[in-house]
Amino acid sequence: MNSNIQHYPVAIIGAGLGGLTAARVLHTRGIDAAVFELEASRDVRTQGGMLDIHDDTGQEALRAADLFDDFIKIIHSGGEAMRLLDQDGTVLREEFDDGSLERPEVDRGQLRDLLLDSLPEGALHWGCKVTSVRALDLPAGRHEVTLADGRSFTTDLLIGADGAWSKVRPLVTDAQPAYTGISFLEADLHDADERHPEEAVVMGPGMLFALGGETAILGHRETDGSLHYYLGHRAEEGWIDTVDFTDAEVAKTAALRLLDGWAPQLRGLVANADSPLTARRIYALPPTVAWEHVPGVTLLGDAAHLMSPFAGEGANLAMHDGSQLALAIIANPGETGRALAAYEAELFARAHVSATESAANMEIIFSDGGARKMAAMFAGHDDQREGELHA
Ligand SMILES: Cc1cc2nc3c(=O)[nH]c(=O)nc-3n(C[C@H](O)[C@H](O)[C@H](O)COP(=O)(O)OP(=O)(O)OC[C@H]3O[C@@H](n4cnc5c(N)ncnc54)[C@H](O)[C@@H]3O)c2cc1C
(Lines give C-alpha, C1' and ligand atoms only; values in the text may rest on other atoms or scores of the structure.)
Protein backbone atom coordinates (compact mmCIF):
# COMPACT_ATOMS: atom_id res chain seq x y z
CA MET A 1 0.00 0.00 0.00
CA ASN A 2 1.22 3.54 -0.79
CA SER A 3 2.27 5.05 2.59
CA ASN A 4 1.62 8.60 1.30
CA ILE A 5 -2.03 7.92 0.77
CA GLN A 6 -4.29 10.20 2.81
CA HIS A 7 -6.14 8.54 5.70
CA TYR A 8 -9.39 9.71 7.32
CA PRO A 9 -10.72 7.99 10.45
CA VAL A 10 -14.32 8.72 9.32
CA ALA A 11 -15.24 9.45 5.68
CA ILE A 12 -18.78 10.31 4.63
CA ILE A 13 -19.56 10.06 0.91
CA GLY A 14 -22.24 12.56 -0.12
CA ALA A 15 -23.19 16.02 1.17
CA GLY A 16 -26.96 15.56 1.03
CA LEU A 17 -29.10 16.21 4.10
CA GLY A 18 -28.23 12.80 5.56
CA GLY A 19 -24.45 12.96 5.21
CA LEU A 20 -24.32 16.54 6.43
CA THR A 21 -26.40 15.74 9.52
CA ALA A 22 -24.12 12.84 10.41
CA ALA A 23 -21.03 15.04 9.98
CA ARG A 24 -22.52 17.88 12.02
CA VAL A 25 -23.54 15.66 14.97
CA LEU A 26 -20.09 14.01 15.01
CA HIS A 27 -18.31 17.38 14.90
CA THR A 28 -20.40 18.81 17.74
CA ARG A 29 -19.08 15.92 19.90
CA GLY A 30 -15.46 16.44 18.82
CA ILE A 31 -15.25 13.60 16.25
CA ASP A 32 -13.73 14.63 12.91
CA ALA A 33 -15.61 13.43 9.86
CA ALA A 34 -14.54 14.30 6.31
CA VAL A 35 -17.34 14.68 3.74
CA PHE A 36 -16.67 13.97 0.03
CA GLU A 37 -19.16 15.44 -2.44
CA LEU A 38 -19.14 15.07 -6.21
CA GLU A 39 -20.57 18.54 -6.88
CA ALA A 40 -17.98 21.29 -7.26
CA SER A 41 -19.57 23.73 -4.79
CA ARG A 42 -22.74 24.37 -2.85
CA ASP A 43 -24.14 26.61 -5.63
CA VAL A 44 -23.68 24.28 -8.59
CA ARG A 45 -27.32 23.22 -8.55
CA THR A 46 -30.45 24.82 -7.09
CA GLN A 47 -31.81 22.47 -4.46
CA GLY A 48 -35.44 23.44 -5.16
CA GLY A 49 -38.60 22.24 -3.49
CA MET A 50 -40.09 22.46 -0.04
CA LEU A 51 -39.74 19.78 2.60
CA ASP A 52 -41.96 19.23 5.60
CA ILE A 53 -39.77 18.34 8.53
CA HIS A 54 -41.37 15.81 10.86
CA ASP A 55 -41.19 16.24 14.61
CA ASP A 56 -40.18 12.62 15.31
CA THR A 57 -37.43 12.30 12.67
CA GLY A 58 -36.11 15.40 10.86
CA GLN A 59 -36.70 17.74 13.79
CA GLU A 60 -35.21 15.29 16.26
CA ALA A 61 -32.10 15.13 14.07
CA LEU A 62 -31.84 18.92 14.06
CA ARG A 63 -32.05 18.92 17.85
CA ALA A 64 -29.24 16.35 18.02
CA ALA A 65 -27.27 18.62 15.70
CA ASP A 66 -27.87 21.64 17.99
CA LEU A 67 -29.51 23.44 15.06
CA PHE A 68 -33.15 23.43 16.11
CA ASP A 69 -33.31 27.14 17.04
CA ASP A 70 -31.77 28.12 13.69
CA PHE A 71 -34.18 25.78 11.91
CA ILE A 72 -37.18 27.53 13.50
CA LYS A 73 -35.99 30.79 11.90
CA ILE A 74 -36.23 29.39 8.34
CA ILE A 75 -39.60 27.64 8.46
CA HIS A 76 -42.19 28.79 5.94
CA SER A 77 -44.97 30.13 8.05
CA GLY A 78 -48.35 29.07 6.58
CA GLY A 79 -46.72 26.35 4.49
CA GLU A 80 -48.22 23.49 6.47
CA ALA A 81 -51.59 24.16 4.79
CA MET A 82 -52.87 21.46 2.43
CA ARG A 83 -55.53 21.20 -0.30
CA LEU A 84 -56.77 17.95 -1.80
CA LEU A 85 -58.63 18.23 -5.11
CA ASP A 86 -59.95 15.87 -7.70
CA GLN A 87 -59.29 16.46 -11.40
CA ASP A 88 -62.45 18.58 -11.76
CA GLY A 89 -61.00 21.04 -9.26
CA THR A 90 -63.45 20.01 -6.51
CA VAL A 91 -61.86 20.59 -3.12
CA LEU A 92 -62.21 17.39 -1.06
CA ARG A 93 -60.18 18.55 1.89
CA GLU A 94 -58.56 21.75 3.04
CA GLU A 95 -56.27 22.12 6.05
CA PHE A 96 -54.80 25.36 7.36
CA ASP A 97 -51.44 25.84 9.02
CA ASP A 98 -52.20 25.96 12.74
CA GLY A 99 -48.57 26.73 13.62
CA SER A 100 -48.33 23.41 15.50
CA LEU A 101 -44.75 22.71 14.34
CA GLU A 102 -45.73 19.09 13.75
CA ARG A 103 -44.51 19.17 10.13
CA PRO A 104 -43.34 22.71 9.29
CA GLU A 105 -42.17 23.42 5.76
CA VAL A 106 -38.70 24.65 4.84
CA ASP A 107 -36.92 25.40 1.64
CA ARG A 108 -34.59 22.46 0.96
CA GLY A 109 -31.74 24.76 -0.11
CA GLN A 110 -31.96 26.83 3.07
CA LEU A 111 -31.95 23.69 5.20
CA ARG A 112 -28.89 22.38 3.38
CA ASP A 113 -27.15 25.75 3.83
CA LEU A 114 -27.88 25.62 7.54
CA LEU A 115 -26.10 22.27 7.78
CA LEU A 116 -23.24 23.31 5.48
CA ASP A 117 -22.59 26.49 7.48
CA SER A 118 -22.48 24.47 10.69
CA LEU A 119 -19.46 22.39 9.65
CA PRO A 120 -15.89 23.41 10.41
CA GLU A 121 -13.72 24.84 7.66
CA GLY A 122 -12.12 22.04 5.62
CA ALA A 123 -14.57 19.29 6.61
CA LEU A 124 -16.19 19.36 3.18
CA HIS A 125 -14.28 18.20 0.12
CA TRP A 126 -16.15 19.49 -2.94
CA GLY A 127 -15.58 18.14 -6.45
CA CYS A 128 -14.74 14.66 -5.15
CA LYS A 129 -16.68 12.09 -7.15
CA VAL A 130 -16.19 8.61 -5.74
CA THR A 131 -15.75 6.11 -8.54
CA SER A 132 -14.85 2.96 -6.62
CA VAL A 133 -14.52 1.57 -3.11
CA ARG A 134 -12.87 -1.61 -1.89
CA ALA A 135 -12.22 -3.39 1.39
CA LEU A 136 -8.54 -3.73 2.36
CA ASP A 137 -7.28 -6.96 3.89
CA LEU A 138 -5.62 -5.25 6.84
CA PRO A 139 -6.44 -3.77 9.18
CA ALA A 140 -9.93 -5.30 9.24
CA GLY A 141 -12.68 -2.83 8.42
CA ARG A 142 -10.43 -0.40 6.54
CA HIS A 143 -11.52 0.70 3.06
CA GLU A 144 -9.87 2.43 0.13
CA VAL A 145 -11.87 5.01 -1.80
CA THR A 146 -10.91 6.19 -5.30
CA LEU A 147 -12.02 9.48 -6.81
CA ALA A 148 -12.69 10.41 -10.43
CA ASP A 149 -9.52 12.53 -10.56
CA GLY A 150 -7.43 9.46 -9.70
CA ARG A 151 -6.71 10.32 -6.06
CA SER A 152 -7.49 7.75 -3.36
CA PHE A 153 -7.69 7.70 0.40
CA THR A 154 -8.28 5.16 3.13
CA THR A 155 -10.72 5.24 6.01
CA ASP A 156 -11.60 3.19 9.09
CA LEU A 157 -15.27 4.06 8.85
CA LEU A 158 -16.84 4.52 5.43
CA ILE A 159 -20.35 6.01 5.48
CA GLY A 160 -22.28 5.82 2.22
CA ALA A 161 -24.59 8.85 2.17
CA ASP A 162 -24.37 9.05 -1.60
CA GLY A 163 -28.03 8.72 -2.50
CA ALA A 164 -30.01 6.57 -4.93
CA TRP A 165 -27.11 5.33 -7.05
CA SER A 166 -24.69 4.80 -4.16
CA LYS A 167 -21.19 3.64 -5.00
CA VAL A 168 -20.78 2.38 -1.42
CA ARG A 169 -23.94 0.22 -1.35
CA PRO A 170 -22.43 -2.78 -3.21
CA LEU A 171 -20.04 -3.30 -0.28
CA VAL A 172 -23.00 -4.38 1.86
CA THR A 173 -25.82 -5.52 -0.46
CA ASP A 174 -26.60 -6.47 -4.05
CA ALA A 175 -29.96 -4.66 -3.88
CA GLN A 176 -30.57 -2.28 -6.80
CA PRO A 177 -33.19 0.42 -7.27
CA ALA A 178 -36.06 -0.57 -9.58
CA TYR A 179 -38.41 1.70 -11.53
CA THR A 180 -41.67 2.19 -9.58
CA GLY A 181 -43.85 2.69 -12.68
CA ILE A 182 -44.23 6.43 -11.97
CA SER A 183 -42.56 9.26 -13.91
CA PHE A 184 -42.52 12.91 -12.83
CA LEU A 185 -42.48 16.15 -14.76
CA GLU A 186 -41.34 19.07 -12.61
CA ALA A 187 -41.90 22.81 -13.22
CA ASP A 188 -42.25 26.26 -11.61
CA LEU A 189 -44.45 29.31 -12.00
CA HIS A 190 -42.75 32.45 -10.72
CA ASP A 191 -44.21 35.42 -8.87
CA ALA A 192 -47.51 33.57 -8.72
CA ASP A 193 -49.82 36.09 -7.02
CA GLU A 194 -48.97 38.76 -9.61
CA ARG A 195 -48.42 36.72 -12.73
CA HIS A 196 -50.44 33.53 -12.20
CA PRO A 197 -53.34 34.43 -9.88
CA GLU A 198 -55.60 31.51 -10.88
CA GLU A 199 -52.89 28.93 -10.37
CA ALA A 200 -51.90 30.64 -7.10
CA VAL A 201 -55.45 30.23 -5.81
CA VAL A 202 -55.68 26.57 -6.81
CA MET A 203 -52.33 25.82 -5.15
CA GLY A 204 -53.29 27.63 -1.94
CA PRO A 205 -50.78 28.75 0.72
CA GLY A 206 -49.08 25.38 1.22
CA MET A 207 -49.28 22.00 -0.41
CA LEU A 208 -51.55 20.78 -3.22
CA PHE A 209 -52.63 17.24 -4.10
CA ALA A 210 -54.75 17.08 -7.28
CA LEU A 211 -55.48 13.48 -8.17
CA GLY A 212 -57.10 11.98 -11.25
CA GLY A 213 -56.63 8.27 -11.88
CA GLU A 214 -53.19 7.52 -13.28
CA THR A 215 -52.08 11.17 -13.10
CA ALA A 216 -51.50 13.47 -10.12
CA ILE A 217 -50.22 16.97 -9.45
CA LEU A 218 -48.26 17.33 -6.21
CA GLY A 219 -47.30 20.95 -5.60
CA HIS A 220 -46.14 23.56 -3.11
CA ARG A 221 -46.09 27.29 -2.80
CA GLU A 222 -42.45 28.21 -2.19
CA THR A 223 -41.01 30.82 0.17
CA ASP A 224 -40.18 33.14 -2.77
CA GLY A 225 -43.83 33.26 -3.91
CA SER A 226 -43.37 30.81 -6.79
CA LEU A 227 -45.31 27.60 -7.34
CA HIS A 228 -43.42 24.36 -7.73
CA TYR A 229 -45.04 21.07 -8.70
CA TYR A 230 -44.51 17.53 -9.84
CA LEU A 231 -46.89 16.11 -12.43
CA GLY A 232 -46.68 12.38 -11.79
CA HIS A 233 -48.21 9.64 -13.87
CA ARG A 234 -48.04 5.95 -14.48
CA ALA A 235 -45.85 5.31 -17.49
CA GLU A 236 -43.54 2.76 -19.03
CA GLU A 237 -39.92 3.27 -17.99
CA GLY A 238 -39.10 4.38 -21.55
CA TRP A 239 -41.91 6.97 -21.85
CA ILE A 240 -39.66 9.94 -21.03
CA ASP A 241 -37.43 9.06 -23.99
CA THR A 242 -40.38 9.30 -26.36
CA VAL A 243 -40.81 13.06 -25.74
CA ASP A 244 -38.29 15.78 -26.61
CA PHE A 245 -38.20 17.58 -23.26
CA THR A 246 -35.58 20.02 -24.60
CA ASP A 247 -38.36 21.57 -26.71
CA ALA A 248 -40.56 23.50 -24.23
CA GLU A 249 -43.68 23.46 -26.42
CA VAL A 250 -43.40 19.76 -27.27
CA ALA A 251 -42.97 19.02 -23.56
CA LYS A 252 -45.99 21.14 -22.57
CA THR A 253 -48.17 19.49 -25.22
CA ALA A 254 -47.19 16.03 -23.95
CA ALA A 255 -47.87 17.07 -20.34
CA LEU A 256 -51.23 18.66 -21.19
CA ARG A 257 -52.27 15.46 -22.93
CA LEU A 258 -51.96 13.74 -19.54
CA LEU A 259 -54.42 16.32 -18.16
CA ASP A 260 -57.14 15.96 -20.83
CA GLY A 261 -60.49 16.73 -19.20
CA TRP A 262 -58.91 18.28 -16.06
CA ALA A 263 -60.11 21.64 -14.68
CA PRO A 264 -58.60 24.65 -16.53
CA GLN A 265 -56.94 26.07 -13.40
CA LEU A 266 -55.09 22.77 -12.91
CA ARG A 267 -54.13 22.57 -16.59
CA GLY A 268 -52.92 26.17 -16.18
CA LEU A 269 -50.11 24.93 -13.94
CA VAL A 270 -48.67 23.24 -17.04
CA ALA A 271 -49.83 25.63 -19.77
CA ASN A 272 -48.43 28.67 -17.94
CA ALA A 273 -45.28 27.15 -16.42
CA ASP A 274 -42.31 29.54 -16.57
CA SER A 275 -39.60 26.91 -16.29
CA PRO A 276 -39.01 24.06 -18.72
CA LEU A 277 -40.58 20.75 -17.68
CA THR A 278 -37.91 18.51 -16.22
CA ALA A 279 -38.58 14.79 -16.49
CA ARG A 280 -37.45 12.10 -14.04
CA ARG A 281 -38.29 8.51 -13.27
CA ILE A 282 -39.05 7.45 -9.71
CA TYR A 283 -37.03 4.48 -8.46
CA ALA A 284 -37.08 2.57 -5.18
CA LEU A 285 -35.18 -0.18 -3.41
CA PRO A 286 -37.17 -3.18 -2.11
CA PRO A 287 -38.81 -2.15 1.21
CA THR A 288 -37.18 -5.12 2.94
CA VAL A 289 -33.60 -4.13 2.13
CA ALA A 290 -31.18 -5.14 4.92
CA TRP A 291 -27.70 -6.63 5.17
CA GLU A 292 -25.45 -8.61 7.46
CA HIS A 293 -23.12 -6.21 9.22
CA VAL A 294 -19.90 -5.55 7.26
CA PRO A 295 -17.00 -4.19 9.35
CA GLY A 296 -16.06 -0.57 8.75
CA VAL A 297 -18.87 0.42 6.42
CA THR A 298 -22.51 1.42 6.57
CA LEU A 299 -25.16 3.39 4.65
CA LEU A 300 -27.70 6.06 5.44
CA GLY A 301 -30.57 7.85 3.72
CA ASP A 302 -31.42 7.00 0.11
CA ALA A 303 -28.25 4.93 -0.21
CA ALA A 304 -29.72 2.59 2.42
CA HIS A 305 -33.43 2.73 1.64
CA LEU A 306 -34.36 4.68 -1.48
CA MET A 307 -38.16 4.85 -1.55
CA SER A 308 -40.81 6.59 -3.64
CA PRO A 309 -41.60 10.06 -2.25
CA PHE A 310 -45.26 9.37 -1.41
CA ALA A 311 -44.83 9.17 2.34
CA GLY A 312 -42.82 12.43 2.39
CA GLU A 313 -40.24 10.72 4.59
CA GLY A 314 -37.03 10.34 2.54
CA ALA A 315 -35.24 13.52 3.58
CA ASN A 316 -36.53 13.22 7.13
CA LEU A 317 -35.25 9.66 7.39
CA ALA A 318 -31.90 10.60 5.86
CA MET A 319 -31.39 13.24 8.55
CA HIS A 320 -32.65 10.94 11.28
CA ASP A 321 -30.33 8.14 10.08
CA GLY A 322 -27.42 10.60 10.05
CA SER A 323 -28.04 11.71 13.63
CA GLN A 324 -28.74 8.18 14.91
CA LEU A 325 -25.58 6.81 13.33
CA ALA A 326 -23.50 9.65 14.75
CA LEU A 327 -25.02 9.21 18.22
CA ALA A 328 -24.33 5.45 18.10
CA ILE A 329 -20.68 6.14 17.21
CA ILE A 330 -20.42 8.67 20.04
CA ALA A 331 -22.02 6.24 22.52
CA ASN A 332 -19.55 3.44 21.64
CA PRO A 333 -16.07 4.98 21.60
CA GLY A 334 -13.52 2.67 19.99
CA GLU A 335 -16.22 0.08 19.24
CA THR A 336 -17.35 0.85 15.73
CA GLY A 337 -18.74 -2.65 15.14
CA ARG A 338 -21.04 -2.39 18.12
CA ALA A 339 -22.11 1.14 17.07
CA LEU A 340 -22.95 0.07 13.51
CA ALA A 341 -24.84 -3.05 14.62
CA ALA A 342 -27.02 -0.98 16.98
CA TYR A 343 -27.64 1.66 14.32
CA GLU A 344 -28.40 -0.82 11.54
CA ALA A 345 -30.92 -2.86 13.56
CA GLU A 346 -33.09 0.25 14.00
CA LEU A 347 -32.38 1.56 10.50
CA PHE A 348 -33.86 -1.52 8.82
CA ALA A 349 -36.97 -1.51 10.97
CA ARG A 350 -37.85 2.16 10.47
CA ALA A 351 -37.03 2.14 6.75
CA HIS A 352 -39.28 -0.87 6.23
CA VAL A 353 -42.25 0.92 7.80
CA SER A 354 -41.82 4.08 5.70
CA ALA A 355 -41.04 2.31 2.44
CA THR A 356 -44.12 0.12 2.83
CA GLU A 357 -46.27 3.16 3.57
CA SER A 358 -44.85 5.04 0.61
CA ALA A 359 -45.54 2.16 -1.78
CA ALA A 360 -49.11 1.83 -0.44
CA ASN A 361 -49.74 5.60 -0.80
CA MET A 362 -48.44 5.44 -4.35
CA GLU A 363 -51.08 2.81 -5.21
CA ILE A 364 -53.82 5.02 -3.75
CA ILE A 365 -52.64 8.27 -5.37
CA PHE A 366 -52.45 6.78 -8.87
CA SER A 367 -55.71 4.83 -8.82
CA ASP A 368 -59.28 5.46 -9.96
CA GLY A 369 -61.01 7.47 -7.25
CA GLY A 370 -57.63 8.21 -5.66
CA ALA A 371 -58.72 11.67 -4.48
CA ARG A 372 -61.72 10.29 -2.60
CA LYS A 373 -59.68 7.41 -1.16
CA MET A 374 -57.09 9.87 0.08
CA ALA A 375 -59.76 12.13 1.59
CA ALA A 376 -61.11 9.07 3.43
CA MET A 377 -57.59 8.25 4.61
CA PHE A 378 -57.16 11.76 6.08
CA ALA A 379 -60.59 11.48 7.71
CA GLY A 380 -59.45 8.18 9.25
CA HIS A 381 -56.39 9.94 10.71
CA ASP A 382 -58.71 12.62 12.19
CA ASP A 383 -60.83 9.94 13.87
CA GLN A 384 -57.73 8.22 15.22
CA ARG A 385 -56.46 11.51 16.69
CA GLU A 386 -59.87 12.27 18.19
CA GLY A 387 -59.89 8.80 19.74
CA GLU A 388 -56.40 9.32 21.20
CA LEU A 389 -57.40 12.72 22.63
CA HIS A 390 -60.40 11.17 24.38
CA ALA A 391 -58.65 8.00 25.53
C1 LIG B 1 -39.44 14.22 -6.58
C2 LIG B 1 -39.06 13.95 -5.16
C3 LIG B 1 -39.73 14.60 -4.13
C4 LIG B 1 -39.37 14.37 -2.80
N5 LIG B 1 -40.06 14.99 -1.79
C6 LIG B 1 -39.74 14.73 -0.51
C7 LIG B 1 -40.44 15.35 0.57
O8 LIG B 1 -41.34 16.14 0.36
N9 LIG B 1 -40.06 15.06 1.84
C10 LIG B 1 -39.04 14.19 2.11
O11 LIG B 1 -38.74 13.94 3.30
N12 LIG B 1 -38.35 13.58 1.12
C13 LIG B 1 -38.68 13.82 -0.16
N14 LIG B 1 -38.00 13.22 -1.18
C15 LIG B 1 -36.92 12.27 -0.85
C16 LIG B 1 -35.64 13.02 -0.53
O17 LIG B 1 -35.32 13.94 -1.57
C18 LIG B 1 -34.47 12.04 -0.36
O19 LIG B 1 -34.90 10.95 0.39
C20 LIG B 1 -33.30 12.72 0.35
O21 LIG B 1 -32.79 13.76 -0.43
C22 LIG B 1 -32.21 11.71 0.65
O23 LIG B 1 -31.13 12.36 1.24
P24 LIG B 1 -29.68 11.70 1.19
O25 LIG B 1 -28.80 12.64 1.94
O26 LIG B 1 -29.77 10.29 1.60
O27 LIG B 1 -29.32 11.66 -0.35
P28 LIG B 1 -29.19 12.80 -1.44
O29 LIG B 1 -30.02 13.98 -1.11
O30 LIG B 1 -29.42 12.14 -2.75
O31 LIG B 1 -27.67 13.24 -1.34
C32 LIG B 1 -26.65 12.42 -1.82
C33 LIG B 1 -25.42 13.27 -2.08
O34 LIG B 1 -24.36 12.42 -2.50
C35 LIG B 1 -23.72 12.98 -3.61
N36 LIG B 1 -23.15 11.88 -4.39
C37 LIG B 1 -23.80 10.96 -5.13
N38 LIG B 1 -22.94 10.10 -5.70
C39 LIG B 1 -21.71 10.48 -5.30
C40 LIG B 1 -20.40 10.01 -5.58
N41 LIG B 1 -20.20 8.95 -6.37
N42 LIG B 1 -19.33 10.64 -5.01
C43 LIG B 1 -19.53 11.72 -4.18
N44 LIG B 1 -20.74 12.22 -3.91
C45 LIG B 1 -21.83 11.61 -4.45
C46 LIG B 1 -24.83 13.73 -4.35
O47 LIG B 1 -24.31 14.73 -5.22
C48 LIG B 1 -25.63 14.30 -3.18
O49 LIG B 1 -25.15 15.55 -2.77
C50 LIG B 1 -38.33 13.46 -2.52
C51 LIG B 1 -37.65 12.82 -3.55
C52 LIG B 1 -38.02 13.06 -4.86
C53 LIG B 1 -37.28 12.34 -5.97
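Residues are numbered from 1 along each chain as its sequence is written. Because the model is predicted, local features require pLDDT of at least 70 and side-chain atom pairs pLDDT 80 or more, whereas totals for chains, interfaces and linings use all residues, and side-chain values rest on heavy atoms, with hydrogens and water left out.

Helix α1 (residues 17–28) packs against helix α4 (residues 108–117) at an angle of about 25°, the two axes being 9 Å apart. Helices are DSSP runs of H or I with at least four residues, and strands are runs of E with at least two, numbered from the N terminus; axes are lines fitted to C-alpha atoms, for helices over the stretch in contact, with angles from 0 to 180 degrees between N-to-C directions. The angle makes α1 roughly parallel to α4 (under 35 degrees; over 145 is roughly antiparallel, 65 to 115 roughly perpendicular and the rest oblique). The crossing of α1 and α4 is left-handed, that is, the near helix is turned anticlockwise from the far one by less than a right angle, clockwise being right-handed. On the α1 side, Leu17, Leu20, Thr21 and Arg24 meet Arg108, Leu111, Arg112, Leu115 and Leu116 of α4, where contact means heavy atoms within 4.5 Å. Five of the residues in this contact are nonpolar, one is polar and three are charged (Ala, Val, Leu, Ile, Met, Phe, Trp, Tyr, Cys and Pro count as nonpolar, Asp, Glu, Lys and Arg as charged, and the others, Gly among them, as polar).

Helices α7 (residues 248–258) and α8 (residues 264–271) pack at about 155°, with axes 9 Å apart; they are therefore roughly antiparallel to each other. Their crossing is right-handed. Lys252, Ala255 and Leu256 in α7 meet Arg267, Val270 and Ala271 in α8, a contact of four nonpolar, no polar and two charged residues.

Around the ligand there are 30 residues, of which Glu37, Arg108, Val130, Asp302 and Ala315 come nearest (a heavy atom within 4 Å). A side-chain N or O atom of Asp302 is 2.7 Å from a ligand oxygen atom. A polar side-chain atom of Asn316 lies 3.2 Å from an oxygen atom of the ligand, and a backbone N or O atom of Gly314 lies 3.3 Å from one.

Most residues other than glycine have a negative phi, and most peptide bonds are trans. Asp66, not a glycine, has a positive phi of about 55° and lies in the loop between α2 (58–64) and α3 (68–73). Leu138 and Pro139 are joined by a cis peptide bond with omega of about -15°; Pro139 lies in the loop between β8 (130–135) and β9 (143–147).

Technical notes
Polar contact = N/O pair within 3.5 Å; in protein donor to acceptor, adjacent residues only side chain to side chain.
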